[in-house]
Amino acid sequence: MTMTPNHAGAISRFPVPPLEDMPADIRERLVAVQEKSGFIPNVFLTLAYRPDEFRAFFAYHDALMERPGNLSKAEREMIVVATSAVNQCQYCVIAHGAILRIRAKNPLIADQVATNYRKADITDRQKAMLDFAIKVSATAHLVGEADFDALKQHGFTEDDIWDIAGVSAFFGMSNRLANVTSMRPNKEFYAMGRG
């Protein structure tokens, strides 16, 4: 289904190509996502408008979010939710909030992190992680050795710090694209991980 920019309920202000018109590799990925989750998240449909960028976006996304390391998948999602809240990205707060609720097995955590992570029921280590992630997202030019030292006091390694910065920076870009495209969250995200 192709949407026009002013179509009520449009998932993006840009055209969404019909599934049958997408390149085979992108169509296959969307079908696989649909089979796994029961729906196609609108970010996939929106970015399919630019196939080369779709491929690059999801390759980098997967490298950051699926990488083995000391950050749990739930902690990576915390970074996305906190960063996206600061960047006022409705799509990413809602979509990644759903993923965070599932990965953390906690129906309250996403709302807490999105609203004010400093008051959320998370560890001091995770608060330090999010302090750094927000600084990278909002004022990366101010990051200095004191920030690295603070993270190391909580047991983060150099690789962990790179991961925190990478997730924050990538989703800063993603948040901006989602806002510019007026990407709408799928209704399915709202109920995920809540019960």
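A nonpolar core is a set of buried (under 20% relative accessible area, 1.4 Å probe, protein chains only) Ala, Val, Leu, Ile, Met, Phe, Trp, Tyr and Cys residues joined through side-chain atoms within 4.5 Å. In this predicted model, local features need pLDDT of at least 70 and side-chain atom pairs count only at pLDDT 80 or more, while totals for chains, interfaces and linings use all residues. Residues are numbered from 1 along each chain as its sequence is written, and side-chain values use heavy atoms, leaving out hydrogens and water.

**The core**
- The largest nonpolar core holds 55 residues, and Y91, V113, L130 and I164 have the most contacts inside it.
- Elements giving two or more residues to this core include α1 (24–37), α5 (90–104) and α9 (158–181), helices being DSSP runs of H or I with at least four residues.
- Helix α7 supplies the largest share, seven residues.
- Leaving aside residues up to four places away in sequence, L130 touches (heavy atoms within 4.5 Å) M78, I79, A82, V113, Y117 and I122.

**α4 against α7**
- The axes (lines fitted to C-alpha atoms over the stretch in contact) of α4 (residues 73–86) and α7 (residues 124–139) come within 9 Å and cross at roughly 45 degrees.
- E75, M78, I79, A82, T83 and V86 of α4 meet R125, Q126, M129, L130, A133, I134 and S137 of α7.

**α4 against α9**
- The axes of α4 and α9 also come within 9 Å, crossing at roughly 45 degrees.
- Here R76, I79, V80, T83 and S84 in α4 meet D163, I164, V167, S168, F171, G172 and N175 in α9.

How values were computed: Axes fitted to C-alpha atoms, helices over the stretch in contact; angles between N-to-C directions. Buried < 20%, exposed > 50% of the residue type's maximum accessible area, 1.4 Å probe, protein only.
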